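My entries follow in the order in which I went through them.

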Amino acid sequence: MVGSLQDAEDIVQDTFVKWLTIDHDKINNTKAYLVKTVTNNCLNHLKTFNKKKNEYFSSLHPADFLEKFKTTDYPAFDFEKEVSDALAVLQKKLEPIERGIYVLREVFNFDYEVIQEIFGKKKDNCRQLFSRAKEKLTLETKKPNFDHSQHFTFLDSFKKACTSGQLSEFVQNLTDDMLKTLKNK
């Protein structure tokens with residue numbers, strides 16, 4: 001409803017905190033109460049957001065507004081940063097083979113049969129590497145050093161794969177990264 005995962009999480013958390021402080025005996029249907037409360041909080045959030053947005057835009061002159069709108073891609077701004085940050089985490093925490101299998105399986109929904117062909121690993125090994133990657137991503141670790149230029153190549157390749165649907169360049173980058181790491185070991 002609110003168009004932002006973070007805002008939605010905040011609203012649910014606020015609702016939960018309120019739920020912990022009220023008398024539950026007065027509520028006949030818990031599910032209905034919680035759904036209605038979250039819905040009302042979302043509507044209040046949107047109303048406040050729209051009010052702030054209108055105040056901001058009314059302070060701009062039309063020429064300033066058009067110039068600002070032309071030079072800023074608002075919908076893609078947060079999304080691009082979030083994708084970039086997510087891919088940076090993958091590069092920091094996962095080995096190239098784990099990263100390749102994880103992204104192809106989790107993001108592009110590749111079958112293990114196809115992944116096995118791409119990386120030359122057995123299907124069970126691919127499953128094990130995917131499971132290990134998921135586990136590594138849940139662990140807190142120190143921030144390791146990593147190559148930012150490699151990250152941008154990975155990010156550009158990933159974005160092209162997502163927008164064009166052509167995965168061959170992205171898959172080639174994943175396998176090249178894996179082979180480069182194997183040569184360095």
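I began with Lys136, which is partly exposed at a relative accessible area of 26%; on the scale I use, buried means under 20% relative accessible area, exposed means over 50%, and partly exposed lies in between, with a 1.4 Å probe and protein chains only. The model is a predicted one, in which local features need pLDDT of at least 70 and side-chain atom pairs count only at pLDDT 80 or more, while totals for chains, interfaces and linings use all residues. Residues are numbered from 1 along each chain as its sequence is written, and side-chain values use heavy atoms, with hydrogens and water left out.

**Entry: salt bridges**

I counted a salt bridge wherever a side-chain nitrogen of Lys or Arg lies within 4 Å of a carboxyl oxygen of Asp or Glu, and the structure holds three of them. Which residue meets Lys136 in a salt bridge? The partner is Glu98, at 2.8 Å from N to O. Because Lys136 lies in helix H7 and Glu98 in helix H5, this pair ties together parts that are 38 residues apart in sequence. For helices I took DSSP runs of H or I with at least four residues, numbered from the N terminus.

I then turned to Glu113, which forms a salt bridge with Lys123, their closest N and O atoms being 2.6 Å apart. Glu113 lies in helix H6 and Lys123 in helix H7, so the pair ties together parts 10 residues apart in sequence. Glu113 counts as partly exposed at 40% relative accessibility, and Lys123 also counts as partly exposed, at 27%.

The remaining bridge that I noted joins the side chains of Arg127 and Asp124, at 3.3 Å from N to O. Both of these residues lie in helix H7, three residues apart, which is about one turn of the helix. Arg127 counts as partly exposed at 37% relative accessibility, whereas Asp124 is exposed, with a relative accessible area of 57%.

**Entry: aromatic pairs**

I paired rings of Phe, Tyr and Trp (its six-membered ring) if their centres lie within 6.5 Å, calling planes under 30 degrees apart stacked, over 60 edge-to-face and the rest tilted. By this rule the count comes to three aromatic pairs. One of them is the stacked pair of Tyr102 and Phe130, at 5.6 Å centre to centre with 20° between the planes. This pair links distant parts of the chain, with Tyr102 in helix H5 (residues 96–106) and Phe130 in helix H7 (residues 123–138), 28 residues apart. Tyr102 counts as buried at 15% relative accessibility, and Phe130 is buried with a relative accessible area of 9%.

Phe130 also forms an edge-to-face pair with Tyr112, at 6.4 Å centre to centre and with 75° between the planes. Here Tyr112 in helix H6 (residues 112–119) and Phe130 in helix H7 are 18 residues apart, and the pair again links distant parts of the chain. Both Tyr112 and Phe130 are buried, and I noted that Tyr102, Tyr112 and Phe130 form one aromatic cluster.

**Entry: cover of H5**

I finally checked H5, which is mostly covered, with nine of its 11 residues buried; among them are Glu98 and Tyr102.

How values were computed. Helices (H or I, at least four residues) and strands (E, at least two) are DSSP runs, numbered from the N terminus.
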